[in-house]
Amino acid sequence: MENMELFYVWWLLVNGAQDYLALDFFLGISKREEKKWVWVWVSVSLFMTLLALRFQIPGMFLIHMLLLILFSRRVLMMEWEELAAPGAVLFTLATFTEGFSALAMSLISSNLEISGQGLSLQVFVSALSFCLYAVLLRRVQGKYGHSLYRPDLSSLYLLLLPGACMVLAVRFCLRLDSRLFEIYLSGLGTGAEFTAVFVMGASVLVFFLVLESFCKVLSLREEKQAAVFLADQRKGQETY
């Protein structure tokens, strides 16, 4: 019983840290300095996590994401155009790391004898999943941050929809938000975990390829605008 209580504390810490990184990602992309609201959001999310642990509520991930978007929209007064691309990235990375964690535990439990070590392995896998989430989030912010914050080009965000929809479809097909996830996965037969890892990895790879293309389109558009601006300047100088 004491081990379970420690695990719940660990789970709260990991979820709190993930929620901190999520809102900090929104603020970093939009170049905002309202850090005080990060802790308000972390407090709200921890309360939601407590409810989920206490009452074993399935499907909290989607509710969590929806509330994060609404919190950013209503409290931080961010526009929908500002939230579109960062929200798609957050959803994809969170789905990937959560799916990785669930599939890793399923793979370990089905192939190894872990009696008495289950909680320790869950802590290890969740810590690894969190590190992966943090590294990917910082990588995306550093490499694509400028391109993701372009509210004036919100129509181009439609390019991200196919990749995000693919990740969403994989999430629902694997039933990651269901209590029956492991039973469903085991019912698919031998090697289902490896197939699921491959499918999820492929869907995330497609999303990042689309994201890379999206950023290149924006870069080419900026180069074209700069070239037009320079040409107009030359014409103006020639006139005088």
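**Labels and cut-offs**

Reply: Ser120 lies in helix α5. The model is predicted, so local features need pLDDT of at least 70 and side-chain atom pairs count only at pLDDT 80 or more, while totals for chains, interfaces and linings use all residues. Residues are numbered from 1 along each chain as its sequence is written, and side-chain values use heavy atoms, with hydrogens and water left out.

Me: What makes Ser120 exposed?

Reply: The relative accessible area of Ser120 is 52%. Exposed means over 50%, buried means under 20%, and partly exposed is in between (1.4 Å probe, protein chains only). Ser120 is therefore exposed. Its C-alpha is 8.8 Å from that of Phe7, 113 residues away in sequence.

Me: Why does Ala104 count as buried?

Reply: Ala104 has 18% relative accessibility, so it counts as buried. This residue sits in helix α4.

Me: What makes a stretch a helix here?

Reply: Helices are DSSP runs of H or I with at least four residues; strands are runs of E with at least two; both are numbered from the N terminus. The protein chain has 8 helices and 0 strands. Its pattern along the sequence is α-α-α-α-α-α-α-α.

Me: Why are α2 and α3 called roughly antiparallel?

Reply: They pack at an angle of about 160 degrees, with axes 11 Å apart. Axes are lines fitted to C-alpha atoms, for helices over the stretch in contact, and angles run from 0 to 180 degrees between N-to-C directions. Over 145 degrees counts as roughly antiparallel, under 35 as roughly parallel, 65 to 115 as roughly perpendicular, and the rest as oblique. So α2 and α3 are roughly antiparallel to each other.

Me: Which residues meet between α2 and α3?

Reply: From α2, the list includes Trp37, Val40 and Trp41; from α3, it includes Ile63, His64 and Phe71. Contact means heavy atoms within 4.5 Å.

Me: Is Phe71 buried or exposed?

Reply: Buried: Phe71 has 11% relative accessibility. Phe71 belongs to helix α3. Leaving aside neighbours within four places in sequence, its contacts are Leu23, Trp37, Val40, Trp41 and Leu76. Phe71 and Trp37 are 34 residues apart in sequence and 9.5 Å apart in space, C-alpha to C-alpha.

Me: What stands out about phi of Met77?

Reply: Phi is near 60 degrees, a positive value in a residue other than glycine. Met77 is in the loop between α3 and α4. With a relative accessible area of 52%, Met77 is exposed.

Me: What makes a set of residues a nonpolar core?

Reply: Members are buried Ala, Val, Leu, Ile, Met, Phe, Trp, Tyr and Cys residues, joined through side-chain atoms within 4.5 Å. The largest such core holds 45 residues, and Leu90, Val140, Leu148 and Leu211 touch the most other members. α4 gives the most to this core, with 10 residues. Beyond four places in sequence, Leu90 touches Ala22, Phe25, Phe26, Met65, Leu68, Tyr133 and Leu137. In soluble globular proteins, nonpolar side chains tend to be buried together.

Me: How many of the 240 residues are buried, as a percentage?

Reply: Buried residues make up 40% of the protein chain.
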